[in-house]
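Have a look at it first, then read on.

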Amino acid sequence: MDKLNIVGKSSFRVDGIDKISGRSIYPQDIKLKEMFHAVTLRSTVPHATFTLNTEKASKMSGVVKIFTAHDVTGKNEHGVLFKDHQVFMDRKINRIGDPLALVVAETLKEAKVAMKEIEVLYNELPGVFCPLEAMNEDAPKIHGDSNIIANMKLEKGTVDFSKCDVVVENTFKVPMVEHAFLQPESAVSYIEDDKLVVISSTQYPHWDRFELSLALGLKEENIKVLNAAVGGAFGGREDITSQIHVALATKTLKKPVKITYGREESFLAHSKRHPMTIRMKIGALKDGKITAMKNEILADSGAYASWAPSVLRKAMTHSTGPYEIENVKVNAKSVYTNNPFTGAMRGFGATQVAVGYEQIIDQLAEELGISTYEIREKNILRIGSKTGTSQTMYNSVPVDRCLEAVKKEMEIIKKKPVNKDMLTGYGIALSIYGTGYGNGFPDVSSNIAKINSDGKIEIFSGFTEVGQGAKTVMAQIASEVFNTSSSNIIINCEDTDKVPDSGTAAASRQTYNTGNAVKKSCEKLKDIILNLAQKELGLNNNIGLEVKDELVYLRTLPSMEITFKDLFSKYKDELSSKGKFVAQTTQMDDLSQGAPYWPYGFNALGVKVEIDPATGRINVVDGVFAQDVGRAINPRLVEGQMDGGFVMGLGYALYEDINLVDGEIKNRKFSSYIIPTAKDMPTLKKIIIEDPEETGPFGAKGIGESVTIPAAPAILNAIYDASKVRFTKLPVTPIEFMKKFGNKYD
Amino acid sequence: MNIADVYKAETVKECIKLLAKHKETKIISGGTDLVIKLNEGQIEGISLVDISSIKELNFVKIEGNTIHIGSNSTFSDVLNHKSIFPKSIKGFVEALESVGSPQIRNAGTIGGNICNGSPAADSIPPLIVLGAKLTIISKKRERIVDIEDFFLGKGKVDLGSNELLKSISFDIPNEDSKLNFYKYSYRNALSITLGSVAALIDIQNNIVQDIKIATGGFSAYCIREREMEELMIGKELNEENLNYLLNSAKKIVQKRIETFPNDFKVLKNITIEGALRHVIR
C-alpha cells in the first residue's frame with residue numbers, strides 16, 4: 001500500500017473543541033419562540049387494559065392539548081423490525097413505562113402539574129416476568145398467540161461428546177443492563193416552510209424520518225430530521241422515543257414543542273441489554289483440540305421485539321468464540337415478557353455469549369491440565385479456518401498476534417509486586433465480533449463528495465457522530481485521498497434534507513461501510529478533478545498530475561498548477577461525485593450455515609484483579625488490551641474506544657444489574673444503578689494490532705463494540721484465579737462474592 | 001421545585017434572627033442533599049435560609065489540644081488542612097476523602113452532613129469516636145451537645161427550628177491511639193455507604209488498652225457501639241478474640257433489623273464483619 005499521510009495519525013477530533021468547551025448544541029440547549037413543553041404520562045403497571053380520563057387535566061392552567069392514541073394522525077405503531085410499539089397505547093399495556101398520553105402546555109411546570117390530574121384506571125392482567133415461564137402454553141401472552149419471537153438453530157457437523165476425551169459444561173446468566181449514556185433523550189420540533197422539522201439526538205436520522213412519516217401520516221419529503229450533538233448512544237437510541245411525540249404535537253398544533261426526559265424517565269424509555277441464560281457444553285481431545293460444542297441460549301426481549309431476532313442471531317453465531325470447532329450445535333430463543341424491552345447494546349448479543357465461551361474454555365484447560373494460553377493457541381481461528389457457520393476466514397485474522405501480545409505483557413504484569421492483604425488473580429479473554437447488519441440484509445452507505453465555491457472538499461453523508469469519532473474518521477479518509485489536512489474537509493451529516501442515507505451508527509459499521517463510501521466518492525471526485533485540470537492546463541493526458549492542499553499540479557513542472565477554486569468557477573456542476581458501498585454478506589440456510597457478517601474483528605485482554613478477602617471488594621488493578629483494527633485510521637480514537645469499551649465491560653462484570661421486581665426497574669437513578677467511575681479504572685496498556693482488511697477503507701475495520709466484549713470474561717477468569725470460585729452469574733458484587741467465597745453466608 | 005422564600009444570611013447574627021422570625025425553614029449551604037429532595041418534591045413549600053456566605057463559620061483551627069471546625073466548612077476546606085492534622089486522626093481524613101466526588105466535596109459542608117442525620121453520613125462515625133462536641137446557637141442561647149446525643153432518629157436531630165450548628169470541636173487523641181475508618185461501598189468514588197465503621201484504638205503489646213467504635217448504616221442513625229467495645233477492651237488482639245467480636249457484632253446488628261428481609265440481613269452481616277476487620281488492627 002502507498003505511504004499514508006493522514007490515515008494512521010491521531011488527528012484532533014473534529015468535534016473535540018466544541019465538546020470540551022460546552023459549545024456543542026444538544027436538543028436540551030434549544031429554546032424557540034412560543035415553544036410549548038411536553039411531558040409523557042407512562043404506565044405504572046406492567047400488564048393491563050386501561051381507561052384514561054383527561055377532562056380535568058385538560059382544563060388546567062396553561063394546558064394546550066393532551067394527546068392520546070386517538071390523536072395519532074398516521075398509523076399508531078413503530079418499531080425497528082416489527083411494528084409492535086405504539087405511539088400511545090390504545091389497547092393494552094405491556095410494560096411499566098408504556099406511553100399513555102402527552103401533556104402539552106405553555107410551561108414545563110404547568111405540563112407536569114396537569115399530568116398528575118389525568119386519571120388512569122387500570123384493569124390489571126396477570127404478567128409474566130420469567131422468559132422460561134413465558135414459553136409455557138398457559139402463560140399470559142404479550143402480543144399474539146405465542147411469546148416466542150425467534151427460535152433459531154445452528155448445526156455444523158455432528159456433535160457427539162462420546163468421542164471427546166474431556167467434556168465440561170456450565171450455565172451462565174448475564175443480567176439486563178442499561179446503556180447509561182450521559183445525555184438523556186430530548187427533542188424539539190417546529191414547522192419551517194410547511195415542513196415538519198424534528199431535532200433530536202439519534203443514531204439514525206433517516207430511519208427516524210421514515211418512522212415519523214408512518215406514524216404521522218406525512219410524506220418523508222415533508223419531514224426534516226436534524227441530528228443535534230449526541231451524548232452517547234451505545235444502541236439505546238435506535239428505537240424511536242421522544243421525537244415521535246413532539247413531532248405529532250407540532251404537526252397538530254403548528255407550534256414548536258420540546259420534550260426532555262429526566263434520568264428516571266430515560267431508564268424507562270429506551271431499550272436495555274438482553275439478559276440471557278446461556279448453557280454451554282464443550283468437548284476436546286487429550287491434546288487440547290476442541291471438537292464439539294453445544295449451546296443453548298434463552299434471551300428475554302421484554303415487552304417489545306426491537307432487534308430481538310438480530311441480537312439472537314449474533315449471539316448464536318458468535319457463541320463458538322474466535323475458535324475453529326468442527327462440530328457445533330446451537331439452539332437459541334428470544335421471548336416476550338412484561339419486563340422492560342431489550343434491544344441493541346454495544347456487542348449486540350456477542351457480548352453476552354463471550355461471558356460463557358471464554359470461561360468454559362478456561363474450565364476446559366484446567367480439566368486438560370494445560371495453560372489458558374495453550375488451549376487458545378490450539379483452537380483459535382487462523383487464515384483458512386472456518387467459523388461455526390462455516391464461513392472462511394481468508395484475510396486479516398490476527399487472533400494469534402493479539403494473544404501473543406497479551407501473553408508477553410502479562411508475564412511482565414505477573415512479575416510486579418502483589419499486595420499481601422489481597423487475593424490476587426490473573427485472567428485473559430479473547431473475543432470475536434462480526435461487523436454489520438449481516439445475514440444478507442442490504443447494508444448500504446451512501447455518500448456525496450463535492451468541491452464548494454471556496455475550493456474546499458465537502459462530504460455529505462447521513463452517518464451520525466455519537467461520540468465514537470465518525471466525523472473525524474471520515475474527514476481523515478477524505479483528506480488522505482486529497483492529500484490535504486483533515487481540518488480542511490467540511491463534513492455534513494446532520495440534516496436529512498442535505499445528506500444521503502448512510503445507515504445506522506450501529507453494528508460497528510460506520511468506519512467500514514461509510515468509510516468505504518466516502519473513499520469511493522472522493523477517489524471518483526479526484527479523477528474528475530484531474531481530468532478537468534488536464535483540460536484547463538492543456539496537457540496531453542493526466543499522467544503525473546497530483547493533488548495537494550486543494551490544488552492540482554504537474555509533478556514534473558510544479559509551477560503548472562490550478563486550484564480547486566478556479567476549477568469550481570468554471571466547472572461547478574461537474575465537481576460532484578457519489579459513492580455507495582454495500583457490505584457483502586449472505587443469508588444463512590436453515591441450519592445457520594453461511595457467511596453472515598464481514599469483516600470480523602478480534603482482540604485479547606489480560607487483567608490483574610485484587611480481591612479484599614474481608615469484604616469481597618474487587619478491583620481490576622492492571623491490564624493489557626490488544627485490539628485488531630485492520631488499520632487504525634486514528635490511533636488515539638482507537639485507544640479511547642478501548643478504554644471506554646473496557647470500562648463498560650467492567651461495569652457488566654462487577655456492578656451493573658437492572659433490578660427488576662415484577663417488571664419494575666427499582667434502581668433507575670445513577671445513585672442506585674452503579675456504573676464504574678474513573679477511580680475504578682486501571683491503567684490499561686493498549687496495543688493496536690494492524691493487519692489490513694482487504695475490503696476496508698485503507699484496511700480499516702470497525703471496533704466500537706468489539707472493545708467491550710472481552711472485559712467481563714477476563715475479569716471473571718481472574719476472579720477464579722484469585723479465589724478458585726467460578727462465578728457464572730453477573731455481576732459479581734462484593735456481597736455476591738462473599739456469599740460464595742468460603743460459603744459463610746449461604 | 002416548590003419553595004416559599006429564600007433568605008440570605010451574611011453573618012451568624014443575621015441567621016439566628018431570620019431563624020427566630022420565620023417558621024418552617026430549612027438551612028441550606030452546599031445543598032448537595034437538600035436540592036435533590038426539593039427537586040424530587042420530597043420537601044415542598046418551605047423557606048430556605050442560605051448560610052453559604054457566612055464566612056465566620058468557615059474555619060479549621062487547632063487551639064491547644066483541640067481542633068475546631070466551622071460548620072460551614074466544605075469537605076474540601078477541611079481536607080485542605082490535612083497537613084496540620086496529627087496522624088492519630090487519619091481515619092477522620094479518610095472518611096472525608098471518601099465522600100462522593102471532588103464536586104460534592106467542594107459543595108457539601110461538614111455541618112450539613114451532621115444536621116442531615118443520615119445513617120450513612122461519612123463524617124459522623126469518626127467524630128463520634130473522637131467524642132466531638134457541637135456548638136449550637138439560637139437567638140436566646142448557645143449550648144454544647146455531645147455529637148453522640150445529637151441524633152434522635154433517621155433524619156432526626158436535636159436541633160430546634162430556631163437553632164444553627166456553629167462548630168464542631170474535638171480533642172486530639174493521645175499519641176498511642178490511632179483512628180481507623182472503613183467505608184463499605186460498591187465502587188471507589190461517588191458511592192453510597194453500605195456500612196461504615198470508625199474505631200479509635202490504643203493497642204499496647206498487642207493488648208487492646210482502650211477502644212471506641214462507632215458505626216454508620218447499621219442503625220437508624222450513626223451510633224457508638226459500646227457493647228462491641230467492651231468485648232475487646234483488655235483483650236489480646238488475636239484471630240480468636242477478633243472472631244468472637246465479629247460474631248457478636250453480627251448478632252448485635254441482626255437484633256436491630258429483625259423485621260427486615262433476609263437479603264438485607266445477609267448484606268448487613270457481610271458489611272459489619274468486613275468493615276470491622278478493617279478497623280480493628
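What follows covers cavities and pockets, a surface patch, and then salt bridges.

Keep in mind that this is a predicted model.

**Cavities and pockets**

Searching the whole structure turns up five cavities of 30 Å³ or more. The largest cavity holds about 120 Å³ of space. Its lining is made of 14 residues, and A:His78, A:Arg95, A:Pro99, A:Ile240 and A:Thr241 sit nearest the centre. Sorted by class, that lining has seven nonpolar, five polar and two charged residues.

Now for an open space: the second largest pocket, at about 910 Å³. Here 36 residues make up the lining, with A:Arg617, B:Tyr182, B:Lys183, B:Asn188 and B:His278 nearest the centre. Which elements of chain B each supply at least two residues of this lining? They are helices H4 (90-97), H5 (102-107), H10 (239-256) and H11 (262-279), along with strand E11 (177-184). The class count for this pocket is eleven nonpolar, eleven polar and 14 charged residues.

**A nonpolar patch**

On the surface, A:Phe12, A:Ile17 and A:Ile20 come together as a nonpolar patch, with about 350 Å² of accessible area together. A:Ile17 belongs to helix H1 (residues 16-21) of chain A. With a relative accessible area of 44%, A:Ile17 is partly exposed.

**Salt bridges**

Over all chains, the structure holds 55 salt bridges. Here are three of them:

| Pair | Closest N to O distance |
|---|---|
| A:Lys407 and A:Glu377 | 3.2 Å |

Take the pair A:Lys407 and A:Glu377, joined by a salt bridge. A:Lys407 is in helix H11 (residues 399-415) of chain A and A:Glu377 is in helix H10 (residues 372-379) of chain A, so this contact ties together parts 30 residues apart in sequence. A:Lys407 is partly exposed at 28% relative accessible area, and A:Glu377 is partly exposed too, at 31%.

A:Glu523 and A:Lys519 share helix H13 (residues 510-537) of chain A, where they are four residues apart, about one turn of the helix. Buried or partly exposed: how does A:Lys519 count? A:Lys519 counts as buried, at 18% relative accessibility, while A:Glu523 is partly exposed at 34%.

B:Asp146 lies in strand E7 (residues 142-146) and B:Lys133 in strand E6 (residues 133-137), so the pair ties together parts 13 residues apart in sequence. B:Asp146 is partly exposed at 33%, as is B:Lys133 at 38%. Back in chain A, salt bridges with shared partners join A:Arg13, A:Asp15, A:Lys19 and A:Glu465 into one network.

Methods: Residues numbered from 1 in each chain as written. Chains lettered and ligands numbered in written order. Predicted model: local features only at pLDDT ≥ 70, side-chain atom pairs only at ≥ 80, totals over all residues. Heavy atoms only, no water. 1 Å grid on protein atoms, 1.4 Å probe; cavity = no way out; pocket = protein on both sides within 12 Å on 5 of 7 lines; lining within 4 Å. Points joined across faces, edges and corners; volume = space filled by probe spheres on them. Nonpolar A, V, L, I, M, F, W, Y, C, P; charged D, E, K, R; others polar. Patch = residues over 30% accessible without salt bridge, like charges linked within 9 Å, V, L, I, M, F, W, Y side chains within 5 Å. Areas by Shrake-Rupley, 256 points an atom, 1.4 Å probe, with all protein chains shown as cover. Salt bridge = Lys/Arg side-chain N within 4 Å of Asp/Glu carboxyl O. Buried < 20%, exposed > 50% of the residue type's maximum accessible area, 1.4 Å probe, protein only.
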